[in-house]
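Hi,

Here is the structure I promised to pass on to you. Have a look at it first, and then read my notes below.

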Amino acid sequence: MDFDDTPDEAVWRASVRAFLSRHRSVDDPRAWQAMLYDAGFVGVAWPVEAGGRGGTPMRQAIVDQEMARLGLPALINLIGIGMCGPTVLMHGSDRQKQRYLKRLLRADDLWCQLFSEPAAGSDLAGLRTRAVRDGGGDWRISGQKVWTTLAHLADYGILLARTDPDAPKHRGLTMFVVDMKAPGVTVRPLRQMNGDAHFNEVFLDDVPVPDAERLGEPGEGWRVALTTLMSERLSLGGGGTPIGPKPEAVARHVAEHIGALPADRQALARQQLGRAYVAALGARYTGYRRLSRLSRGELPGPEASAGKLSGTRSARDLTDLAVRVLGGDARVGTTPDGDRTWQNMQAVLPGMAIAGGSDQVLRNIIGERVLGLPAEPRVDKGADRR
Amino acid sequence: MDFDDTPDEAVWRASVRAFLSRHRSVDDPRAWQAMLYDAGFVGVAWPVEAGGRGGTPMRQAIVDQEMARLGLPALINLIGIGMCGPTVLMHGSDRQKQRYLKRLLRADDLWCQLFSEPAAGSDLAGLRTRAVRDGGGDWRISGQKVWTTLAHLADYGILLARTDPDAPKHRGLTMFVVDMKAPGVTVRPLRQMNGDAHFNEVFLDDVPVPDAERLGEPGEGWRVALTTLMSERLSLGGGGTPIGPKPEAVARHVAEHIGALPADRQALARQQLGRAYVAALGARYTGYRRLSRLSRGELPGPEASAGKLSGTRSARDLTDLAVRVLGGDARVGTTPDGDRTWQNMQAVLPGMAIAGGSDQVLRNIIGERVLGLPAEPRVDKGADRR
Amino acid sequence: MNFDLDQEHRELAGAAGEFLSASASPAAARAALEDGAALRPGRAELVKSGYATITVPASGGTVLQQAVVAEQAGRVLAGPSLVSFARAAVLLDGDPDRLAGLADGSLAVAVVDDGGPVLDAIGADTFLALRDRALVCGPGTVTAREPIDPTRGLGDVALGATTVLARDAAERWRRAERVGRAILAAEGLGAAARLLELSVEYAKQRHAFGRAIGSYQAVKHLLVDVYVEVEQLRSLVWWAAWAAGRAPGELPLAAAAAKAAAATTLELAAETAIQVHGGIGFTWEHDAHLYWRRAKVDRFLLGDDVAAFDEVARLAMGQVT
Amino acid sequence: MNFDLDQEHRELAGAAGEFLSASASPAAARAALEDGAALRPGRAELVKSGYATITVPASGGTVLQQAVVAEQAGRVLAGPSLVSFARAAVLLDGDPDRLAGLADGSLAVAVVDDGGPVLDAIGADTFLALRDRALVCGPGTVTAREPIDPTRGLGDVALGATTVLARDAAERWRRAERVGRAILAAEGLGAAARLLELSVEYAKQRHAFGRAIGSYQAVKHLLVDVYVEVEQLRSLVWWAAWAAGRAPGELPLAAAAAKAAAATTLELAAETAIQVHGGIGFTWEHDAHLYWRRAKVDRFLLGDDVAAFDEVARLAMGQVT
């Protein structure tokens with residue numbers, strides 16, 4: 001066991017740090033990602049032939065750590081890098097990999113993920129969007145997707161559709177790459193409770209998709225989607241990065257305000273901070289353990305979901321404290337100097353807790369696939385999915 | 001709405017108080033209960049023909065309140081009064097009522113309840129104790145019961161047994177009154193985690209039971225048992241009496257010790273006390289609402305289980321605080337002056353949380369029967385119960 | 001003892017609920033948030049209905065009646081709050097002119113607590129405050145603050161020239177605060193009960209994996225925990241409101257307990273509602289966040305939950321028999 | 001970075017687990033509770049095995065290795081605690097005679113904290129304490145206290161004539177305490193992990209309503225919550241134990257976090273185990289209460305959970321970069 005960088009890692013970290021401190025971030029998020037890509041800091045662990053750098057996950061983690069340390073803006077194409085890319089990498093044809101992956105890493109193309117539907121959330125495999133083969137062997141897709149991050153900007157999306165309504169629920173699905181500029185695609189923003197519109201509804205009306213844009217075999221879509229979901233779990237708290245606020249940022253904020261509280265309240269604030277902070281540290285170091293196993297070539301397992309479970313809880317409690325120490329201003333949306341950081345975080349977190357799987361679904365996954373507890377009896381074998 | 005006594009209630013309270021302050025409690029618990037019975041304070045709301053006084057539940061509640069106020073010892077035959085008696089009252093023959101009920105109220109006979117079995121806890125209807133009819137129409141009972149409070153002292157018990165192993169699980173049961181001194185009854189004490197033996201295992205080996213001691217029709221045992229369980233729920237936190245420690249007693253104990261803590265710790269102790277105390281008050285006043293409805297003649301409904309759910313939680317948190325304020329002595333079993341009240345309470349509560357239905361079962365009952373949420377699919381229709 | 005609402009209370013609840021829900025609603029709260037639409041029913045309508053001033057001495061009503069109405073107000077996120085009226089009625093007791101103004105709507109009263117934006121300040125023209133143990137009254141300048149819950153009308157208040165209404169008014173101030181806590185808790189009860197209804201309804205309708213999500217223990221038990229809290233809150237609200245009229249000695253503990261329970265129960269109900277509703281629960285269009293906003297604000301009004309729990313503990317330790 | 005146990009650690013865990021479970025067990029803890037039977041493996045055997053004194057400088061072992069062993073000790077409720085040895089090894093650093101005594105078993109050391117019965121006091125003959133910033137050592141009179149967890153050997157200690165070992169030892173004392181916290185947390189980890197195993201096993205076997213109780217979400221999710229906590233505790237224990245050797249600057253935060261997490265996780269695991277086991281879980285014959293006793297005691301050792309959370313918060317607020 002060793003937390004210290006290996007000599008190789010230390011050299012890498014120094015060069016990353018040197019570069020990042022020499023280069024200011026760029027306002028245009030695509031240009032910013034492109035610059036980082038060109039510097040060799042995006043897709044570090046991806047294979048060279050996929051536009052990556054053939055490095056270790058640890059090298060990528062070092063880049064991420066250094067960017068976080070400097071408070072640099074995140075990459076815009078995060079969904080693409082975290083979920084769509086790995087899926088294309090694992091299941092795409094050579095042509096697809098050639099065509100999409102490098103451009104994805106450079107943010108030349110932005111990507112989104114079209115899985116959830118109004119009637120298929122936790123029960124994703126119950127989705128109803130239909131892909132039907134036309135005479136030439138290509139496909140026409142119709143249906144409605146929802147909670148699609150970045151759909152309004154995206155060039156491409158990976159989409160899970162039902163291609164065989166007569167097959168058992170998990171067997172009749174197929175995955176596609178969809179051109180978001182194709183005719184029949186309509187994107188409508190979906191406002192969240194905090195007023196922002198990070199998500200979209202996507203309506204698909206007879207959208208043409210060439211058979212060459214299939215990912216994996218027809219009927220194999222569920223297996224393909226599992227790759228995506230596994231990658232998602234790792235990116236949502238599973239790798240040690242916090243969900244919601246950085247605990248250090250909350251501690252800094254509390255430190256600035258705690259002096260204004262009566263002594264009794266200071267003691268209570270410290271208890272709340274301490275409890276949530278320990279949970280956040282626990283999630284972080286557990287993520288590091290996972291990262292270490294990944295670096296040895298292990299695949300991310302279902303236990304990665306644990307990071308999201310505890311991460312959303314400690315994020316909630318940290319944010320709650322951050323709001324509370326505002327005193328009287330905690331009752332309103334902004335502080336007198338216009339800061340709405342913590343109130344906004346408070347209103348965003350309920351959404352983050354649900355995206356990527358509800359607590360209930362994640363607990364089932366861990367209970368059954370990690371602890372080996374028996375599943376519940378299923379009643380949806382013969383349900384209508386047309 | 002009126003919390004104050006009605007004029008009639010006030011007269012009653014005054015007479016109860018006067019009597020209780022004139023009469024010291026008696027050491028022998030049977031004699032103590034007999035004295036209270038003769039004074040008219042036991043079975044107050046039971047019908048006169050069942051040995052009761054034909055009064056209101058509120059009058060009984062006033063007796064209970066005054067006894068609690070004076071810190072007088074509880075009645076020994078609580079299980080009999082709270083569960084067995086109501087069952088005999090509702091389902092017994094005239095002969096059984098005549099024979100048993102007055103003696104039960106006077107503690108001339110002690111009673112126990114023989115329901116749970118090693119393999120039938122939450123799933124009570126899955127019990128395996130068998131009652132088989134002999135040639136003369138009487139019964140022979142064999143099997144094993146467990147968690148039987150007072151079985152080592154009891155003269156009688158109500159026992160649920162399977163009389164038709166081929167019927168669906170809930171249909172093949174019958175309730176009996178069993179003479180605990182009958183041949184074939186063996187009682188073995190069961191030690192709890194705190195070292196006490198409040199519960200027993202009861203082994204039944206071909207125990208003869210006359211058909212006249214049946215309660216209700218053969219095969220109707222489940223319906224009869226529901227009467228018992230409903231009464232049990234009301235007696236376990238459902239009527240406003242606390243589960244575990246009295247909140248006032250904890251507050252007094254904390255008040256005695258809190259001065260020795262640093263100011264920070266005092267603030268934290270007050271938060272813990274305040275939170276658990278509010279929960280306890282909420283449970284208490286909700287119990288009073290139930291009591292008021294009962295006084296109008298309504299039957300206790302499934303919502304009475306809510307009192308147990310929240311009551312066990314606040315009891316746990318109150319007791320935890322009571323232990324914590326002992327400081328260094330919290331690490332050991334007794335204080336230097338030999339007090340083990342709170343440590344013992346801490347070790348008793350986990351058992352109290354399970355007796356009378358696990359949290360999980362109680363939540364199912366409330367979710368389905370109060371909120372109207374659908375039940376889970378059942379898989380135990382055809383299970384073997386021989 | 002009869003600890004249950006009387007028939008008269010039930011009829012009052014029905015009538016008030018009908019009046020309030022005819023204009024107030026989550027949709028109205030959303031409109032207020034989006035473009036500053038007026039509160040519903042609004043101060044004038046509330047006064048006209050008489051429901052806001054039940055406890056003005058001339059009306060002869062009880063705090064319990066006011067609480068019964070407040071529960072209905074909470075269900076539909078009505079504004080302004082009945083808390084302000086109930087506190088003003090206590091504070092202005094013995095001042096028939098101003099009480100008449102409160103009751104006929106010619107005075108728009110808000111009560112100024114220390115430290116932070118003031119409930120129902122927006123639209124108020126008459127402010128009551130405690131200064132050096134004296135109850136003072138006067139005009140004020142209100143600076144609206146960006147709302148979390150727009151129905152709470154929170155603004156910073158700079159008092160203008162004030163008149164002293166009573167010199168040694170600390171005790172009266174505390175009583176008004178406690179009555180206010182009972183009414184605030186009643187509004188919280190209504191909001192929490194409504195959230196539970198919405199959640200239960202959704203859990204019955206929404207299916208996943210072939211059955212209603214409410215059939216899953218994970219969802220069912222969440223809802224049961226909310227139910228238990230809501231029913232306990234109801235008991236505490238009734239107790240506190242009853243005590244305000246009939247057992248002043250019990251009011252401090254009852255009001256603090258109700259206030260504390262309302263803060264935590266409404267927050268639990270709101271967070272559970274969003275969780276149970278899944279994706280649509282955190283959309284702008286769904287009602288859940290409007291109640292969630294109420295929860296996040298109300299917990300800090302009339303002292304926060306932490307202060308109320310602290311007070312319960314102090315009272316419990318001092319009042320043991 | 002490689003944040004995982006090395007092969008060498010795994011082998012150490014295997015060997016230590018084999019040695020410890022050959023004598024220590026919940027049954028041995030029950031016997032100690034029933035009739036004061038001797039602790040297992042007991043001080044002499046522990047010393048002889050070498051596992052208790054891994055961190056004595058002459059042994060050249062690390063705190064991480066000691067933690068790996070301590071986890072195994074926690075699994076079987078071994079006594080006395082490795083915490084006392086690890087603390088003594090830090091405190092006696094630079095005192096070769098006494099260190100040798102610690103390592104060869106001729107000294108039976110306990111470390112005296114302020115306020116309350118002392119861990120492993122029973123059977124100890126040499127006591128270390130901090131008096132006016134000085135580290136002192138001497139004999140003491142031990143008064144056994146009625147145990148909750150008999151394996152913790154708690155007794156009141158009246159120090160006899162002491163020798164000053166180091167004058168300004170506050171810093172060393174704190175380091176010893178932090179190393180002790182890491183080891184205590186490792187013992188807690190082992191106990192919590194074992195409880196989870198017992199609970200999962202039971203939930204697979206026990207049937208109700210026609211299926212294993214572990215198939216019900218209510219039970220399944222309780223166990224998952226314990227699993228998540230246990231794995232996070234494992235990470236914090238490794239971090240703290242590693243930091244003790246390799247990153248002294250991180251030790252204060254890591255040790256406080258591990259101590260706090262151990263207290264709450266072990267308690268959660270124990271209470272969940274009793275709940276999941278239903279009736280048999282709170283019987284004397286079942287092992288659950290022996291771990292529960294450990295949980296109820298350990299949370300108050302080396303500062304309680306509240307103090308550890310407070311320290312985490314203070315460090316977090318002071319150390320932000």
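This is a predicted model: local features need pLDDT of at least 70, side-chain atom pairs count only at pLDDT 80 or more; totals for chains, interfaces and linings use all residues.

Beyond its neighbours within four places in sequence, G40(A) touches W12(A) and R53(A), where contact means heavy atoms within 4.5 Å. This glycine, G40(A), lies in the loop that links α2 (29-38) to α3 (57-69) in chain A; helices (H or I, at least four residues) and strands (E, at least two) are DSSP runs, numbered from the N terminus. G40(A) is buried, its relative accessible area being 7%. Here buried means under 20% relative accessible area and exposed over 50%, with partly exposed in between (1.4 Å probe, protein chains only).

Residues are numbered from 1 along each chain as its sequence is written, chains are lettered from A and ligands numbered from 1 in the order in which they are written, and side-chain values use heavy atoms, leaving out hydrogens and water.

Next, helix α5 of chain B. The 12 residues of α5(B), 94-105, reach 17 Å from first C-alpha to last, close to the 16 Å expected (1.5 Å times one less than the number of residues). Q96(B), Y100(B), L101(B), L104(B) and L105(B) are its buried residues. They sit on the same side of α5(B) because they cover an arc of only 115° around the axis, taken from the directions from the helix axis to the C-beta atoms. D94(B) and Q98(B), on the other side of α5(B), are exposed. The packing partners of the buried residues in chain B include α2 (29-38), α4 (78-91) and β4 (156-162). Just after α5(B), A107(B) has a positive phi of about 65°.

Finally, chains C and D: a rotation of 180° with 0.0 Å of shift along its axis superposes chain C on chain D (RMSD 0.0 Å), fitted by least squares on the C-alpha atoms of residues with pLDDT of at least 70 in both. That is the relation of a two-fold axis.

Best wishes
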